[in-house]
Each structure stands twice: as structure tokens, then as C-alpha cells.
Amino acid sequence: MTDFTSTAAVATERPGRYAKQLASHFGRKIATGWDEETGEGFLEFPAGRATLAAGDGVLLLAVVAADAEARDRLEGVVGRHLVRFGSKDELVCAWTRTDGTAGSEHRNDDADSASPSQAQEG
């Protein structure tokens with residue numbers, strides 16, 4: 001089985017805060033986890049998994065899904081929520097796919113717009 005993966009490195013002075021907020025928000029609907037000590041967490045969607053890692057001035061994100069359509073949806077769901085939470089910091093979440101091609105990009109000015117396939121969470 002081939003996994004479809006995308007990664008994003010989001011520049012922010014508060015990576016742990018945003019990762020914790022993502023895990024908390026999605027934790028109402030899916031399994032999530034956030035470890036303050038390690039600065040790592042996960043979001044377990046029905047369509048795949050997202051991992052979160054807080055670095056020095058950067059939030060590292062990765063999504064893994066069984067097919068390209070699910071990967072694309074996860075990029076949208078995670079990216080849109082992150083930039084909405086970080087609207088004051090004007091976060092930009094630009095995904096890069098495993099094959100090196102550009103994935104979706106999310107920023108404050110388009111945080112509320114989504115294609116129909118992205119509107120479904122995971």
C-alpha cells in the first residue's frame with residue numbers, strides 16, 4: 001500500500017500554542033494528542049493522520065492518507081483551521097507533497113474559502 005503524504009513548515013513564534021489548539025479543537029470529534037514536554041502531537045482522522053511538531057519558530061505538520069483525495073482533504077482541513085486560529089499572526093500553511101510538487105496553500109485571506117471536497121473534515 002502506498003501512503004500519500006504532505007508536509008508543511010509554518011513559521012510562527014508560538015508553534016506549541018497552535019499545535020495544542022489544533023489538538024484541542026479536533027479532540028471533540030476525533031482522537032488527538034499533544035505532549036507539552038516533547039512538543040509533538042497527532043490528529044487521527046477517519047481518512048488519515050496528521051502529526052504536529054513544535055520547533056524553534058516553526059510548526060511542522062505532516063498528513064498521511066491512503067489516497068490522494070484524502071490527503072488533499074486533510075491538507076485543507078488542517079491548513080484552514082490553523083490559519084484561522086492564527087489569523088492575528090497571519091500564518092501561511094503551504095503544503096509540499098512527497099513527490100516534491102506543491103500542495104494546497106492556506107493563508108488568512110482565504111481561510112474561509114474551500115472547495116466542496118475540502119469542506120468535509122477528514
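His81 counts as buried, at 5% relative accessibility, where buried means under 20% relative accessible area, exposed over 50% and partly exposed in between (1.4 Å probe, protein chains only). This is a predicted model, in which local features need pLDDT of at least 70 and side-chain atom pairs count only at pLDDT 80 or more, while totals for chains, interfaces and linings use all residues. Residues are numbered from 1 along each chain as its sequence is written, and side-chain values use heavy atoms, with hydrogens and water left out.

His81 lies in helix H2 (residues 68-85), helices being DSSP runs of H or I with at least four residues and strands runs of E with at least two, numbered from the N terminus. Its side chain makes a polar contact of 3.4 Å with that of His25.

Helix H2 also holds Glu75 and Arg71, which are four residues apart and therefore separated by about one helical turn. Their side chains form a salt bridge of 4.0 Å, N to O, the term denoting a side-chain nitrogen of Lys or Arg within 4 Å of a carboxyl oxygen of Asp or Glu. Glu75 is buried, with a relative accessible area of 0%, and Arg97 counts as buried at 18%. Arg97 and Glu75 form a salt bridge whose closest N and O atoms are 2.9 Å apart, and this pair links distant parts of the chain, 22 residues apart, with Arg97 in strand E6 (residues 92-97) and Glu75 in helix H2. Salt bridges with shared partners join Arg71, Asp72, Glu75 and Arg97 into one network.

Note on methods
Polar contact = N/O pair within 3.5 Å; in protein donor to acceptor, adjacent residues only side chain to side chain.
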